Amino acid sequence: LHGDTNYESAFVAAFDLFNKSIQVEKTSTCTKIILFLTDGEANVGLVGTDLLNKINVLNSDIKASIFTYSLGSQSADEILKIISCQNRGIWTKIEDGGNLHDAMGRYYSYLANLYSTTYIGVVWVEPYVDALGAGLVTTVSRAIYDNS
């Protein structure tokens, strides 16, 4: 079956969710991310420059990072690259038969790197009595991310 592909309605719905969560105060309003996956080219709703302009307007206050994923050989890669680049995100091509799970999970690395550059210090724990009898001890830790 062949269905329609409407990027515009998907982005309108995503930004509507952000706005509603802000209105009802069910958000931290910190980091906002959209993961947009498509296996086709938009054939309904706004396309091209009109779509990019609409996303820019919708995202002007939200400032979400948009990660786009082109799934398979029929996806529209160029517009998805532009959407990600204009919105602090990353575009990923997932070939036919590729590993969707791993490709989409990589945005966690983006978040880890985002926060590792924001705060690179150590965390100290209040002194506590060691359960194995070592007496009063403390713990110091620091997040370390594997960027490979």
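Strand E2 (residues 65–71) is largely enclosed by the rest of the structure, because 6 of its 7 residues are buried. Here, buried denotes a relative accessible area under 20%, exposed one over 50%, and partly exposed the range in between (1.4 Å probe, protein chains only). Strands (E, at least two residues) and helices (H or I, at least four) are DSSP runs numbered from the N terminus. The model is predicted: local features need a pLDDT of at least 70, side-chain atom pairs count only at pLDDT 80 or more, and totals for chains, interfaces and linings use all residues. Residues are numbered from 1 along each chain as its sequence is written, and side-chain values use heavy atoms, with hydrogens and water left out.

Strand E2 is paired with two other strands, where pairing requires that DSSP find at least two bridges between the strands. E1 and E2 run parallel and are joined by 6 bridges; the partner of Ile33 in E2 is Ser65.

In the protein chain as a whole, 5 helices and 7 strands are found, in the order α-β-α-β-α-β-α-α-β-β-β-β along the sequence.

The largest nonpolar core contains 18 residues, of which Tyr7, Phe11, Phe15, Ile34, Ile66, Ile79 and Ile83 touch the most other members. Such a core is a set of buried Ala, Val, Leu, Ile, Met, Phe, Trp, Tyr and Cys residues joined through side-chain atoms within 4.5 Å. Two or more residues come from each of helix H1 (7–23), strand E1 (33–38), helix H2 (48–62) and helix H3 (77–86), and H1 contributes the most, with 5 residues. Another core, of 7 residues, lies apart from it and includes Phe67, Tyr69, Met104 and Tyr107. In soluble globular proteins, nonpolar side chains tend to be buried together.

Contacts (heavy atoms within 4.5 Å) place individual residues in this arrangement. Beyond its neighbours within four places in sequence, Ile66 is in contact with Phe11, Phe15, Ile34, Ile55, Asn59, Ile83, Ser84, Asn87, Gly89 and Ile90. Asn59, in helix H2, is buried because its relative accessible area is 4%. When residues up to four places away in sequence are not counted, Asn59 touches Phe15, Ala64, Ile66, Asn87 and Arg88. Leu46, by contrast, lies in the loop between E1 and H2 and is partly exposed, with a relative accessible area of 28%. With the residues up to four places away again set aside, Leu46 touches Glu8, Leu51 and Lys54. The C-alpha atoms of Leu46 and Asn6 are 7.8 Å apart, although 40 residues separate the two along the chain.

Of the 148 residues of the protein chain, 28% count as buried. The mean pLDDT, the predictor's confidence in each residue on a scale from 0 to 100, is 86 for the protein chain, and 89% of the residues score at least 70. Confidence is highest in H2, with a mean of 97, and lowest in helix H5 (residues 107–118), with a mean of 68.
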